[in-house]
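I opened the model to look up a few things and kept notes as I went. The entries follow in the order I made them.

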Amino acid sequence: MSFRTILAILAAVFFFLCSLPMMPVMWIVGKISPGAADRFNYAFVCWGLRMVTAMTGCPVTVIGRENIPKDRGVMFAGNHRSIFDIIMVASLLPRPFIIIAKEELGKIPLLHFWMKRIHCLFLNRKDIRAGAQMVADAADGMKKGSSVLIFPEGTRCHEEGTLLPFKGGSFKIAIRAGAPVVPVTFIGTGNVLEDHPLRVCKTPVAIIFGKPIETKELSIADRKVLHQKVEDVVAETYQQYAPDKWKGERSAD
């Protein structure tokens, strides 16, 4: 186990230890002032994620933040190589945001508590009715101003530079909410951890936000191919900013 792996683990442990005394306090605050509790929860979780990212030592280049609409809910749809996709991008998203996560994550006690505090939704792939309700809940959140982060591949891709097919069902959330979709391309995150389990590697990472794709006026035919359009944008962006074509510089954010 590398030194950076130990630092990243210690950062995660430190976050959860700090969160223990706050859990009952924030539950009470949430009953009195839900808005204040939400603002604290997002700030606290993003602080923890930035701390873990810092311990990896990875220089993170962020491109295209000007493409993120600031006046309404947005659906962020990206390729998925690593758990560090979420760790590194969450603090860059406009708040409040909703992360669509697989149901298994909801079974980890402390993690589940904080995911619920920032209104994560858990996807049950085996229950069609539950899946439809998740889409409705996410769309409702977007109409109220929340943004949504989703990985349309459905699972992590294990080969750098390739994409699994984007699933069309994921985009029903944005279509139902009449919200724009911002393609997000992750480059290099797989080499942080997934490509060599139990060893965090300092590696340049790029996160690229593409131009928003409006869904409100899409024809029925265009709605059916929206997932393919977003997949094409992510694939083209990856080729444009592939590791051998860009030089990472740490974002000032």
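**Entry 1: a helix pair**

I looked up helix 1 (residues 3-19) and helix 5 (residues 109-117), which pack at an angle of about 70 degrees with their axes 11 Å apart. I noted that this is a predicted model, where local features need pLDDT of at least 70, side-chain atom pairs count only at pLDDT 80 or more, and totals for chains, interfaces and linings use all residues. Residues are numbered from 1 along each chain as its sequence is written, and side-chain values use heavy atoms, with hydrogens and water left out.

Helices here are DSSP runs of H or I with at least four residues, numbered from the N terminus. Axes are lines fitted to C-alpha atoms over the stretch in contact, and angles run from 0 to 180 degrees between N-to-C directions. Helix 1 and helix 5 are therefore roughly perpendicular (65 to 115 degrees; under 35 is roughly parallel, over 145 roughly antiparallel, the rest oblique).

I then asked which residues make the contact. Helix 1 brings Phe15, Phe16 and Ser19, and helix 5 brings Leu110, Leu111 and Trp114; contact means heavy atoms within 4.5 Å. I sorted the residues of this contact into five nonpolar, one polar and no charged. For that sorting, Ala, Val, Leu, Ile, Met, Phe, Trp, Tyr, Cys and Pro are nonpolar, Asp, Glu, Lys and Arg are charged, and the others, Gly among them, are polar.

**Entry 2: cysteines**

How many disulfides does the structure hold? I found zero, taking a disulfide as a pair of cysteine sulfur atoms within 2.5 Å. Cys18 is in no disulfide, and the nearest cysteine sulfur, that of Cys46, is 16 Å away. Cys157 is in no disulfide either, with the nearest cysteine sulfur, that of Cys201, 19 Å away.

I also checked accessibility, where buried means under 20% relative accessible area, exposed over 50% and partly exposed in between (1.4 Å probe, protein chains only). Cys18 has a relative accessible area of 24%, so I wrote it down as partly exposed. Cys157 is at 5%, so it counts as buried.

**Entry 3: a lysine and a histidine**

Is Lys172 buried or exposed? Lys172 counts as exposed because its relative accessibility is 53%. I placed Lys172 in helix 7 (residues 172-177). Lys172 and Lys216 are 44 residues apart in sequence, and their C-alpha atoms are 12 Å apart in space.

I found His227 in helix 9 (residues 226-240). His227 has a relative accessible area of 19%, so I listed it as buried. Leaving aside neighbours within four places in sequence, His227 is in contact with Phe166, Lys167, Gly168 and Phe171.

Definitions and conventions: Helices (H or I, at least four residues) and strands (E, at least two) are DSSP runs, numbered from the N terminus.
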